[in-house]
Amino acid sequence: MFAAGQAVDGDPETPWRSAAVGAQGLTLDLGYEREFGGVTLRWAEDEQATRYTVSTSSDGRRWTRLREVTGGNGGADPILLTETAARWLRLDLMDGPGEAYALNEIEIEPLSFGEDATSFVTAVAEEARRGLYPRGFHGEQPYWTLVGVDGGGDSGLMGEDGAIELGRGGPSVEPFVVENGRLITWADVGVAQSLMDDYLPIPSVRWTAEDWTLDVTAMAEGAPEQAALYGRYVLTNISNRTLDLTLALAARPLQVNGPVQFLSTPGGVSPVTRIDWDGRRLRLGEAFAVTPLSAPDAVTAATFDAGADPQSLIASGREASHSVQDDTGLAAAAMTWRVTLAPGESRVVGWAAPLEGALPALTGAPEAVLDGVEQRTAAVWREKLDRFDITVPDEGQRIVDTMRSSLAHILMSRDGPNLKPGTRSYNRSWIRDGAMIAEGLNRLGWVDVSADYLRWFTPYIFSDGKVPCCVDARGADPVPENDSHGEFIFLAAETYRYNGDLDLLRSVWPQVRGAIGYMDQLRASERTAENRTPERRHLYGLLPPTISHEGYSDQPAYSYWDDFWGLLGYKDAVFIAEALGETEAAARIAAARDEFAGDLHASIRATADHHGIDFIAGAADRGDFDPTSTTIGLSPGGEQARLDPALLANTFERYWTEFEQRIENRRDWDDYTPYELRNVGPSCGWGSGSGRWRRWTSSSATCGPGPGTAGPRWWCATSASRASSATCPTPGSARTTSARRWTCSCTTGARPWCWRQACPAAGWTTRRAWGSEMCARPGAP
């Protein structure tokens with residue numbers, strides 16, 4: 001038996017060892033009352049306690065039991081003790097496999113270790129072999145794509161390495177392969193991602209090892225009220241010899257949505273306290289279940305204490321356990337299939353999980369079931385996504401594919417009529433996102449969805465005419481964001497321009513009129529004598545400061561973003577009033593429009609003078625550079641003719657210069673945001689594709705593998721849609737047909753997001769659009 005101090009001397013070669021097994025205790029005086037987030041117990045080999053408790057005390061007399069461990073498997077035992085404060089720590093050891101207990105070291109962990117379950121698992125993953133946990137828990141940026149049905153509300157996710165999340169905030173199913181006794185993870189193979197036909201929302205991940213490949217595909221099928229998620233796994237022998245492999249599908253309490261995500265639906269851990277296998281279905285708590293399409297050879301469930309990591313769960317040879325209860329919420333299970341493959345042979349395994357409602361009847365071989373799901377799902381999405389057509393050179397096909405994939409993501413993200421910019425962090429309906437998404441849907445032949453959204457959102461407008469910035473399950477958000485009013489009116493006008501539904505337009509006229517009245521009051525509050533003084537005249541007549549622009553969340557600003565949207569609201573309200581025959585209202589709103597336009601353009605010039613700048617500021621009070629915000633004044637704002645030509649040109653020439661500097665790493669910068677796609681119109685006319693799964697994210701890290709808060713924001717896709725379609729001539733009226741067709745010329749020039757090729761035929765010329773050379777047909781303007 002060794003002194004207790006040897007367990008905390010920092011030397012793993014000097015363990016504390018008990019005199020015997022059975023009931024033994026170890027008490028540590030930490031010297032003073034300390035705050036900590038947990039402890040890590042490092043046991044000597046085969047001398048661990050398999051059952052013990054952890055207690056703390058502030059005085060060494062009154063003890064509080066914080067944790068009971070059962071089924072401990074030795075090695076390192078990390079213990080989560082969130083926000084614990086104590087001077088004394090006691091271990092009561094009750095059972096073990098050896099003749100004594102031996103602890104190489106006890107480590108007191110900082111508060112951050114136990115801040116929450118996600119922080120805890122991240123700390124555990126830091127010590128684990130890379131690949132045993134998803135990338136996000138290893139400090140790397142995880143990427144994923146959406147898997148769902150049109151309008152379904154809930155959806156799955158597929159991670160870049162093949163894990164499939166079973167629903168919003170839910171656990172995931174992650175593949176592993178055992179070869180010659182070694183557990184193979186995503187970190188041990190080559191990984192590639194693809195979409196069916198390069199644009200359908202049926203994503204796949206391929207693992208390529210030396211002798212075999214594993215293809216993982218995720219699909220969702222059904223109606224919004226009854227939809228199912230499917231996972232397919234095809235293990236193929238690409239060697240010239242017979243292989244004995246084990247395919248393991250681990251159901252883990254980890255989301256595909258990464259641990260750094262924190263808005264609305266935080267990513268990271270998805271607690272699973274109970275797992276049950278009934279011989280047909282694997283239940284993960286009350287909300288989730290996975291039904292394999294062929295019987296696995298073994299199913300093993302484990303608590304975190306007993307070893308729920310893939311190495312312990314799959315490759316340790318432990319006895320099967322079909323039901324576990326784990327109060328840590330970190331239970332996991334694995335279904336395994338032993339496979340013998342001749343050269344060139346494949347084996348298909350699959351599962352189904354409900355997204356909404358009950359699963360359909362699933363009969364037949366897994367291959368037939370999954371092939372049928374894939375064929376039906378592909379046919380449904382082709383019909384939805386092929387309603388528009390763009391003829392482009394080969395170099396532009398990826399842009400068309402991206403537009404179609406983004407349309408699918410928009411449709412999958414909506415909850416019935418509710419258009420949302422995302423399904424996790426952005427699982428709310430902002431009117432700015434909804435209005436711009438609706439505009440993109442109109443362009444792509446989906447005006448009925450826009451009309452449904454207009455009907456759904458309108459009742460949430462406040463009685464005084466204030467348009468809420470967003471709506472969620474709690475109702476309308478009262479936080480003032482002064483772009484909202486113009487965006488709602490724009491939504492109403494654009495919907496009518498495409499569908500011509502006068503009855504719908506008339507039904508929302510009271511709210512349009514109310515929003516105009518509310519903006520009149522807002523503008524009047526800034527048309528004051530104080531704002532006519534030299535120090536403040538550049539603020540005169542603007543909409544009051546708000547935080548609608550995300551860059552101004554630190555402090556409300558006089559954002560021209562708000563004003564451009566507000567002015568567009570006045571313009572569209574005149575259009576609506578005239579369409580409805582409301583001539584008196586049209587005249588009154590037109591007068592207010594002209595007054596506001598005069599104040600706005602005077603402010604833009606005065607702001608440049610006030611701050612000594614030669615570009616259009618993002619906010620009048622800040623004099624900041626924000627061309628991405630300024631683009632709203634151009635499209636859809638339509639203010640090109642009234643904006644100061646020199647300020648306008650300088651704005652986008654500076655943007656382009658700095659963009660090139662970022663590309664060439666000639667300036668320091670942090671993030672690229674695809675909001676910048678709005679600059680494509682004034683800069684070139686075409687935008688770049690999104691990446692491996694053609695998904696537009698709202699922000700991404702500059703360089704390196706570190707994690708950031710990247711997440712989908714589908715109005716970025718709408719900006720791409722506008723950038724792509726607006727530069728292509730459209731036969732007939734631009735707003736009268738649901739079958740959209742564009743024919744796009746090539747472009748030339750050195751700018752990266754223009755196609756780099758010569759004009760295709762004699763007689764074609766080049767023209768410049770904000771410094772970009774673009775090919776034009778003979779006689780084209």
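A salt bridge is a side-chain nitrogen of Lys or Arg within 4 Å of a carboxyl oxygen of Asp or Glu. By this rule the structure holds 51 salt bridges. The model is predicted, so local features need pLDDT of at least 70 and side-chain atom pairs count only at pLDDT 80 or more, whereas totals for chains, interfaces and linings use all residues. Residues are numbered from 1 along each chain as its sequence is written, and side-chain values use heavy atoms, with hydrogens and water left out.

**Salt bridges**

- Lys-384 and Asp-150 form a salt bridge through their side chains, at 2.9 Å from N to O.
- Because Lys-384 belongs to helix 4 (residues 366-385) and Asp-150 to the loop between strand 7 (144-147) and strand 8 (156-159), the pair ties together parts that are 234 residues apart in sequence. Helices (H or I, at least four residues) and strands (E, at least two) are DSSP runs, numbered from the N terminus.
- Both Lys-384 and Asp-150 are buried; buried means under 20% relative accessible area, exposed over 50%, and partly exposed in between (1.4 Å probe, protein chains only).
- Asp-477 and Arg-428 also meet in a salt bridge, at 3.0 Å from N to O. Asp-477 counts as buried at 16% relative accessibility, and Arg-428 counts as buried at 16%.
- In helix 8, Arg-497 and Glu-494 are 3 residues apart, about one helical turn, and their side chains form a salt bridge of 2.8 Å, N to O.
- Arg-497 is partly exposed, with a relative accessible area of 21%, while Glu-494 is buried at 3% relative accessibility.
- A network of salt bridges links Asp-520, Arg-523, Arg-527, Arg-588, Glu-595 and Asp-599.

**Helix 13**

- Helix 13 (residues 645-663) has 19 residues and should span 27 Å at 1.5 Å a residue, which agrees with the 27 Å between its end C-alpha atoms. The expected span is 1.5 Å times one less than the number of residues.
- Asp-644 caps the N-terminal end of helix 13, with a side-chain oxygen 3.0 Å from the backbone nitrogen of Ala-646.
- The buried residues of helix 13 include Leu-648, Phe-652, Tyr-655, Trp-656 and Phe-659.
- Asn-665 follows helix 13 and has a positive phi, near 55 degrees.

- In the order 1-6-2-5-3-4, 6 strands form an open sheet with antiparallel pairing; two strands pair if DSSP finds at least two bridges between them.
- Strand 1 (16-17) and strand 4 (64-70) are at the edges with a single partner strand each, so one side of each has no neighbour in the sheet.
- Strand 3 (residues 51-57) runs antiparallel to strand 4 and is joined to strand 4 by 6 bridges; Arg-51 stands opposite Thr-70 in strand 4.

Methods: Polar contact = N/O pair within 3.5 Å; in protein donor to acceptor, adjacent residues only side chain to side chain.
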